Amino acid sequence: MSKHKHYNFFFSLRQENRKMTLMEFFGCTFIAFGPPIALFIFTIAKDPMRVIVLIASSFFWLIALLISSILWFAVVPLRETLAFGLVFSVLFQELFRFLFYKIMRLANEGLIKVSQQSDNSNITPRDFANTHIMAYVSGLGFGLMSGAFSLINVLADLWGPGSIGIHGDSKYFFWSSSYLTLCFILLHTMWGVIFFAGMDRKCYFYVAYVVATHMLVSCLTLLNQLSSSTDSAIYLGPLIPAYIILVVSGIFAFYTAGGSLANIKNCVTCRKRRYQIE
């Protein structure tokens, strides 16, 4: 009888742990991907051309990841050095952002003609006339694919059964990883707008800003290796500067795309029927 009671106790405990890990799994998933998915649904999903551009930009990010992985695998002495792979991964991502920009500009005229001849009311020629729109879409494509690859293994471990920090790991790891993933997705979106604008205007300071901040935020994540205990708050270290850079990049991208305080005022007060950055 006692064995049966013990079995019921451990079974119920396991079920409670399962519920706890599932709740945290969905919580971390929605933290990381909730806002980006909302952006996709409300600004991209209804337009087929935007969806195609988003998928194409995601594919370019995957190619960058593949090449950086090949390099990491080929350089055997530095395989254990995380910083080596990180630096070249950032450089390859920005290289393929540039290649995607060049392809978009080469195909721009043809895309405008296709959008003008299409009978689909959801396809708007303005998307290609206003270069900031496709820069935003391509940036979000880079961000979504980057976020998916950076967090998918973490979420797989979080599915359970198990308890966070049971082996002495930091209890802040999972949710700090989610917030950092969200930050990177939004940063990629801002970087796309700034990078494309810099190339269009031949203002290479914009391009340098994107590469420098991408490298800085990525290198800040190396601090996570210093975490050594359950109560270690080192995972919180990269979050504050990363979100400061996100706010600065957001303001930078807003003004780069032609935004102004007057636009914000018109949006808030609803003085115009439609708010649009021109």
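Modeller: A residue is called buried under 20% relative accessible area, exposed over 50% and partly exposed in between, with a 1.4 Å probe and protein chains only. The model is predicted: local features need pLDDT of at least 70, side-chain atom pairs count only at pLDDT 80 or more, and totals for chains, interfaces and linings use all residues. Residues are numbered from 1 along each chain as its sequence is written, and side-chain values use heavy atoms, with hydrogens and water left out.

Colleague: How far does helix α6 reach from its first C-alpha to its last?

Modeller: Helices (H or I, at least four residues) and strands (E, at least two) are DSSP runs numbered from the N terminus. Helix α6 covers residues 173-201, 29 residues in total. At 1.5 Å times one less than the number of residues, a span of 42 Å is expected. The model comes close to this value, with a reach of 41 Å.

Colleague: How many residues of α6 are buried?

Modeller: The helix is largely enclosed by the rest of the structure.

Colleague: Which residue follows α6, with a positive phi?

Modeller: The phi of the residue after α6 is near 55°. That residue is Lys202.

Colleague: How is the span of residues 172-196 annotated in UniProt?

Modeller: UniProt positions are given in the numbering used here, feature names are shortened, and annotations may be inferred rather than shown by experiment. In the model, residues 172-196 are 96% helix and 0% strand, with their end C-alpha atoms 36 Å apart. The unreviewed UniProt entry lists this span as a "transmembrane region".

Colleague: How many residues apart in sequence are the parts that Asp200 and Arg105 tie together?

Modeller: A salt bridge requires a side-chain nitrogen of Lys or Arg within 4 Å of a carboxyl oxygen of Asp or Glu. Asp200 and Arg105 form such a bridge, at 3.0 Å from N to O. Because Asp200 belongs to α6 and Arg105 to α3, the parts tied together are separated in sequence by 95 residues.

Colleague: Is Asp200 buried, partly exposed or exposed?

Modeller: Arg105 has a relative accessible area of 22%, which makes this residue partly exposed. Asp200, at 34% relative accessibility, counts as partly exposed.

Colleague: With which residue does Glu94 meet in a salt bridge?

Modeller: The two partners lie in helix α3 (residues 82-117), three residues apart, about one turn of the helix. The N to O distance is 2.9 Å, and the partner of Glu94 is Arg97.

Colleague: Over the face of which residue does Arg97 lie?

Modeller: A charge sits over a ring if NZ of Lys or CZ of Arg is within 6 Å of the ring centre and within 35 degrees of the ring normal. Arg97 is 4.9 Å from the centre of the ring in question, that of Phe142.

Colleague: Which residues is His214 in contact with, neighbours within four places in sequence aside?

Modeller: His214 is part of helix α7 (residues 204-220) and is buried, at 2% relative accessible area. Contact means heavy atoms within 4.5 Å. Beyond the sequence neighbours within four places, His214 contacts Val90, Gln93, Glu94, Arg97, Phe184, His188 and Trp191.
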